[in-house]
Amino acid sequence: MNGKEKLEYAVDAWIAEHKNSLVQEVCELVRIRSVADKEERIKPFGQGCRDVLDKFMEICHRHGLETENHSYYVAEAYDPEQKEKNGRIGLMGHLDVVPEGTGWMYPPYEAIQRGGWIIGRGAQDNKGPCMAGLYTLLCLRDLGIELKHDIRVLAGTNEENGMEDAVYYRDNCRTPDFTIVVDSPFPLCYGEKGIVEAWMAADTPFTDQVICFSGGEVSNQVPGEAELVLAYDPQMAALLKEADADCSWEIDESHIRIHARGTAGHVAFPDQTRNAITVLAAFVLKRGLLSEEQDRKIMNEIFEASAGTDGSGLNLACRDAVSGALVCGCGIVKTENRYVKLNVNARCPVTADGRELLKRLEKHAVNIGFHLEKTRVLESNYYPKEKVVIQKLSHTFQSVTGLDWEPQIFNAGTHARKMPNAVAYGPGCLGALVPPCEPLPEGHGGAHQPDEAQSVDCLCLALKIYILAVIRIDSLEFHEDSFITI
């Protein structure tokens with residue numbers, strides 16, 4: 001047995017010995033509802049995010065690590081025996097989650113284990129991978145592997161709605177020389193599309209016939225449910241005699257309440273999703289449930305904006321040769337004093353100018369009787385795949401799995417876009433390599449979906465990849481990392 005084989009054997013044995021504790025500690029984190037809330041009195045992101053960071057640090061201390069709490073934005077864990085080293089490699093994840101939404105078969109915060117999977121909000125995005133980052137540090141320490149760099153494990157609390165955690169850490173703390181962000185698909189994401197987000201607010205209100213239109217909770221999640229409340233009208237009620245597969249309704253003497261069901265999921269990966277806002281708008285227009293032209297026009301614009309996923313309904317469609325087409329979704333609709341607002345979230349090609357795309361969206365909004373509010377542009381990040389560190393990380397994935405997958409551009413956003421010298425390198429795609437989590441139906445089990453699930457075997461495979469990857473990139477001087485392949 002050569003040195004490489006001995007190393008992999010030792011890593012495999014360590015993972016097998018610690019598999020159960022890894023699972024149990026992931027479950028401890030999943031049981032905490034850690035939806036970031038910037039409006040809550042407990043700063044910076046609410047009590048749930050404080051609680052989950054406290055639990056993470058408790059777990060770290062349990063394993064003999066030291067931690068630094070950076071004002072509840074980010075927790076940092078490290079081996080106290082290695083902290084004097086000059087260089088640092090980071091493994092960064094996040095412990096905040098998107099809201100649970102509805103439609104779950106299993107309780108979202110009980111961390112149910114079924115058939116080798118952990119089911120619960122955050123199990124996959126990103127508490128499981130975050131713990132794989134922590135266990136990478138533990139394995140390297142326990143096996144006595146000598147490294148040039150100190151390994152730092154970072155856990156943030158605001159990745160899902162603003163990434164203020166990474167910005168705070170970057171601006172106030174010593175950042176690693178290179179950071180692996182454990183929040184993406186393998187083999188490696190060497191670039192991330194830019195993000196344009198805005199609220200499209202109607203200039204004209206709905207009439208008194210439309211009381212409320214609501215759906216979705218966060219910008220980056222395709223909503224699985226939406227609801228429209230109309231004032232009771234016997235003529236409109238008469239149009240609801242025939243049942244519908246996607247919509248249901250309740251009628252009383254004052255209201256007609258219509259509920260639509262879609263398929264929730266991440267707005268950056270819309271292929272397996274179905275936007276409930278679109279479903280509801282289409283149903284209302286098809287059934288002729290709006291008697292006023294003013295209401296029909298507004299509803300039609302909502303349908304056109306939310307129906308496609310390439311931005312064509314918003315004058316945003318574009319693509320480039322490096323990263324492909326723009327991907328777009330509408331995650332939230334709401335009414336305020338009968339004025340409707342629709343949230344737009346677009347993932348833009350890496351060579352596109354986000355500010356120019358925002359101008360296009362603004363022009364389109366004005367043309368259809370809307371205006372923009374609360375706009376946000378996150379420019380893309382791009383870390384050329386020819387760099388030697390990218391080649392080493394990609395080669396590690398390929399050698400461990402036997403798969404020839406190539407590095408890619410990521411539609412979603414991760415902390416990598418906010419940290420210097422960082423790329424996303426995570427287990428999001430590995431579920432395809434193991435039997436599915438039965439008996440979850442279509443539209444369940446993925447990140448941002450009901451019954452979000454993480455395969456334990458995939459998590460352990462990711463852990464092995466991280467351990468070997470850190471060993472293989474440890475020899476690099478990252479400030480001198482050149483554009484050569486290995």
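Asn 126 is found in helix H3 (residues 123–142), where helices (H or I, at least four residues) and strands (E, at least two) are DSSP runs numbered from the N terminus. The model is predicted, so local features need pLDDT of at least 70 and side-chain atom pairs count only at pLDDT 80 or more, while totals for chains, interfaces and linings use all residues. Residues are numbered from 1 along each chain as its sequence is written, and side-chain values use heavy atoms, with hydrogens and water left out.

**Asn 126**

- Asn 126 counts as buried because its relative accessibility is 0%; buried means under 20% relative accessible area, exposed over 50%, and partly exposed in between (1.4 Å probe, protein chains only).
- Residues up to four places away in sequence aside, Asn 126 touches Gly 93, His 94, Val 182 and Asp 183, where contact means heavy atoms within 4.5 Å.
- From C-alpha to C-alpha, Asn 126 and Ala 111 are 14 Å apart in space, and they are 15 residues apart in sequence.

**Overall form**

- The protein chain contains 10 helices and 25 strands.
- The radius of gyration of the protein chain is 24 Å, which agrees with the value near 23 Å that a compact globule of 486 residues would have; this radius is taken over C-alpha atoms, and the globule rule is 2.2 Å times the number of residues to the power 0.38.
- The C-alpha trace of the protein chain spans about 80 × 45 × 45 Å along its principal axes.
- Among contacts in the protein chain with a separation of 6 or more, 77% are between residues 24 or more positions apart.

**Surface and charge**

- Of the 486 residues of the protein chain, 57% count as buried.
- The protein chain exposes about 19500 Å², and carbon and sulfur atoms supply 47% of that area; accessible areas come from the Shrake-Rupley method with a 1.4 Å probe, and for residues only the protein chains shown count as cover.
- There are 49 positive and 72 negative side chains in the protein chain, and the centres of the two sets lie 2 Å apart.
- Lys and Arg count as positive and Asp and Glu as negative, while His and the chain ends are not counted; the place of a charge is taken as NZ of Lys, CZ of Arg, CG of Asp or CD of Glu.

**Nonpolar cores**

- The largest nonpolar core has 72 residues, and those with the most contacts inside it are Phe 56, Ile 180, Leu 393 and Tyr 425; such a core is a set of buried Ala, Val, Leu, Ile, Met, Phe, Trp, Tyr and Cys residues joined through side-chain atoms within 4.5 Å.
- Helix H10 (residues 456–473) gives the most to this core, with 13 residues.
- A second, separate core has 49 residues, including Leu 290, Leu 314, Leu 326 and Leu 358.

**Backbone details**

- The peptide bond from Lys 43 to Pro 44 is cis, with omega near 0°, and Pro 44 is found in the loop between helix H1 (3–30) and helix H2 (47–62).
- The peptide bond from Phe 186 to Pro 187 is also cis, with omega near 10°; Pro 187 is found in the loop between strand E7 (178–181) and strand E8 (189–192).
- Arg 338, although not a glycine, has a positive phi of about 75°, and this residue lies in the loop between strand E19 (333–336) and strand E20 (339–348).
- With a relative accessible area of 26%, Arg 338 is partly exposed.
- Lys 374 is not a glycine either, yet has a positive phi of about 50°; Lys 374 lies in strand E21 (residues 370–378) and counts as exposed at 69% relative accessibility.
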